[in-house]
Amino acid sequence: IRFDVLLRIEAYADYQKTLDIWDDYFMDVFVQLPADVDQATFEKRLTGFTEKYFEEEIEQLKESGYVANPDGSFYRLKLLNIHDLHFSDALSRFSSISILYPISFILMGLFILIIACGNFINLSLGTSMRRALEVGVRKVLGASRRQIIYQFWSETLMLILLALAFALMTVQWLLPQYNALLKDDIQLFNPYILGALGVVLFIITLGAGAYPAMVISRFQPASILKKQTKVQKPGFIRNLLVIVQFASSIFLIACTFIVLLQLNFMQSRSLGFNKDQVISIPLGAELDASIDDPLRAATKLLIDGKARHRRKD
């Protein structure tokens, strides 16, 4: 919740007028509950409050044929957790977004990561024969399989760290344009993003580096030095990775084309009216010619003139 100035509510122009009007929704109210009071208990205590101060509204709802809530009430006040405020449209004063948008971005990132990890694993296994002799010599000199696994794992970590550094530089370069486009203020170097990057780095290193390291470390020194090691046919895991890569790529390409077609439709579709030389005049709840606003005064005069013309007719 960003703000520039904090003012007392008494500074509001219509404060005295709306002081005793309980159903005036010109503001949002924030409540901090005591530690020993939960949300359900507080909402239950509000029942007497609504029955006392919203009696007229409740009677109007009953006369209009509204169906009562499961608890028998026609009018009730409920709390919204401040953690849910960002993805809720309950409060009109705050801009909210649908939770589908961040979920979509996260899924797109996961798809791209899966494609990249699958490519890395397949390329590592495809070039494993080039390093078979190195593995054989290391084993002859006394290296254990665990040491070889750690070696390939550390190489994977170094490669991923280089990719991460390049990605961070690219994101930092494009972030101002991204924030300007979405009217956001995302900062790359904050604890939450850095923590998430650390978790992703650990998972990718563990997942993408484990399988190739374990496969390559299984080579037998005698077979390697006699050049009797044969390239195995792609197994189930490699075939699965290829299928997932192609499926993810096709899905992302299809989604991209759908978004482009939708944007093109929105930009080229006829609106049904001529949008040039159109003036939009926002009107408040009341029109008062005494207001020092010439646009509102002119609007009121136009409306009054049309009304008089209709009465004459």
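Me: What makes K17 exposed?
Reply: Exposed means over 50% relative accessible area, buried means under 20%, and partly exposed is in between, using a 1.4 Å probe and protein chains only. K17 has a relative accessible area of 65%, so K17 is exposed. One thing to keep in mind: this is a predicted model, where local features need pLDDT of at least 70, side-chain atom pairs count only at pLDDT 80 or more, and totals for chains, interfaces and linings use all residues. Residues are numbered from 1 along each chain as its sequence is written, and side-chain values use heavy atoms, with hydrogens and water left out.

Me: Which residue does K17 meet in a salt bridge, and how do you know that the contact counts?
Reply: The partner is D14, with N and O 4.0 Å apart. A salt bridge needs a side-chain nitrogen of Lys or Arg within 4 Å of a carboxyl oxygen of Asp or Glu. D14 itself has a relative accessible area of 30%, so D14 is partly exposed.

Me: How many salt bridges does the structure hold?
Reply: There are two. Side chains of opposite charge can pair when their charged atoms come close.

Me: Are E10 and R8 buried or exposed?
Reply: R8 has 64% relative accessibility, so R8 counts as exposed. E10 comes to 39%, so E10 is partly exposed.

Me: How many aromatic pairs are there, and why is the pair of W22 and Y53 called tilted?
Reply: The structure holds six aromatic pairs. The ring centres of W22 and Y53 are 4.1 Å apart and the planes meet at 40°, so this pair is tilted. Here is the rule: rings of Phe, Tyr and Trp (its six-membered ring) pair if their centres lie within 6.5 Å, with planes under 30 degrees apart counting as stacked, over 60 as edge-to-face and the rest as tilted.

Me: Where do W22 and Y53 sit in the chain?
Reply: W22 is in the segment before α1 and Y53 in helix α1, 31 residues apart, and the pair links these distant parts of the chain. W22 has a relative accessible area of 40%, so W22 is partly exposed. Y53, at 30%, is partly exposed.

Me: What makes the pair of F54 and Y75 stacked?
Reply: Their ring centres are 4.7 Å apart and the planes are at 20°, so the pair is stacked. F54 lies in the loop between α1 and α2 (55–63) and Y75 in the loop between α2 and α3 (100–126), so the pair ties together parts that are 21 residues apart in sequence. F54 has a relative accessible area of 4%, so F54 is buried. Y75 counts as buried because its relative accessibility is 16%. Ring pairs also link W22, F49, Y53, F54 and Y75 into a cluster.

Me: How many helices and strands does the protein chain have?
Reply: The chain has nine helices and zero strands. Helices (H or I, at least four residues) and strands (E, at least two) are DSSP runs, numbered from the N terminus.

Me: What share of the protein chain is buried?
Reply: Buried residues make up 18% of the 313 residues. A132, in helix α4 (residues 132–140), has 3% relative accessibility, so A132 counts as buried. The C-alpha atoms of A132 and S217 are separated by 8.8 Å, although these residues are 85 apart along the chain.

Me: And V29, is that residue buried or exposed?
Reply: V29 has 65% relative accessibility, so V29 counts as exposed. V29 lies in the segment before α1 (39–53). Its C-alpha atom and that of L79, 50 residues apart along the chain, are separated by 9.7 Å.

Me: What makes I106 exposed?
Reply: I106 has a relative accessible area of 52%, so I106 is exposed. This residue lies in helix α3.
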